Amino acid sequence: MRITSELWVSALIRRAFSSGGFAAVERRGAAEAGAIFVIARSRLGEQTLFGPAPQATYDEGRPSERLFAELLRTTEQGEIPSRLAKEERFDPDFWVVEVELDDALLRELVPITTP
């Protein structure tokens, strides 16, 4: 059984802060099953948007964990909000969490897969 989106986001934020990083909720989605998008910002100004991995990347029909895929990597300020605006037209019940973490901690807290 997969934990709720709200609990997953809460755990991400607590673990980020306890590890010396930063995390903030930019947008609250559906508490039970809203999709989660993570914006990772580097100290050099690069931003990476991670979103839910495609269903084909899971080994089972009803996965118990969340997997993320890199959707966009940029240094331009308007690209990620533009991508999220498109997502909002499709499904408005999603979460956006912004984090500033080192790469190792990001990969530990946000399970990333390659589609």
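**Overall fold and local packing of the chain**

Of the 115 residues in the protein chain, 37% count as buried, where buried means under 20% relative accessible area, exposed means over 50%, and partly exposed covers what lies in between (1.4 Å probe, protein chains only). The model is a predicted one, in which local features need pLDDT of at least 70 and side-chain atom pairs count only at pLDDT 80 or more, while totals for chains, interfaces and linings use all residues. Residues are numbered from 1 along each chain as its sequence is written, and side-chain values use heavy atoms, with hydrogens and water left out.

The secondary structure comprises 3 helices and 5 strands; helices (H or I, at least four residues) and strands (E, at least two) are DSSP runs, numbered from the N terminus. Followed along the sequence, their order is α-β-β-β-β-α-β-α. Contacts, meaning heavy atoms within 4.5 Å, can also be sorted by separation along the chain. Among those between residues at least 6 apart in sequence, 68% join residues at least 24 apart. The chain exposes about 7100 Å², and carbon and sulfur atoms supply 49% of this area, as computed by the Shrake-Rupley method with a 1.4 Å probe; for residues, only the protein chains shown count as cover.

Strand 2 (residues 36-41) runs antiparallel to strand 3 and is joined to it by 4 bridges; two strands are said to pair if DSSP finds at least two bridges between them. Within this pairing, Ile39 stands opposite Leu49. The hairpin of strands 2 and 3 has 5 residues between the strands, and Gly45 takes a positive phi near 95° there. Strand 3 also pairs with strand 4 (residues 68-74), again in the antiparallel sense, over 6 bridges. Here Gln47 has Thr74 as its bridge partner.

Thr74 of strand 4 deserves a paragraph of its own. Its relative accessibility is 6%, so Thr74 counts as buried. Leaving aside residues up to four places away in sequence, Thr74 touches Gly45, Glu46, Gln47, Glu79 and Ile80. The side chain of Thr74 also reaches the backbone nitrogen of Glu76 at 2.9 Å.

Helix 2 comes next. With 12 residues (79-90) at 1.5 Å a residue, helix 2 should span 16 Å, and its end C-alpha atoms are 17 Å apart, which agrees; the expected span is 1.5 Å times one less than the number of residues. The buried residues of helix 2 are Ile80, Leu84 and Glu87. These cover an arc of only 50° around the axis, which puts them on the same side of helix 2; the arc is that of the directions from the helix axis to the C-beta atoms. An α-helix has 3.6 residues a turn, so residues three or four places apart point the same way. The buried residues of helix 2 pack against strands 2, 3, 4 and 5 (95-100 for strand 5), whereas the face turned away from the buried side carries the exposed residues Lys86 and Arg89.

Finally, Glu6 lies in helix 1 (residues 5-18) and is partly exposed, with a relative accessible area of 35%. Not counting residues up to four places away in sequence, Glu6 touches Arg28, Ala31 and Trp95. The side chains of Glu6 and Arg28 make a polar contact (2.7 Å), that is, a pair of N or O atoms within 3.5 Å; within protein, one must be able to donate a hydrogen and the other to accept it, and residues adjacent in sequence count only if both atoms are side-chain atoms.
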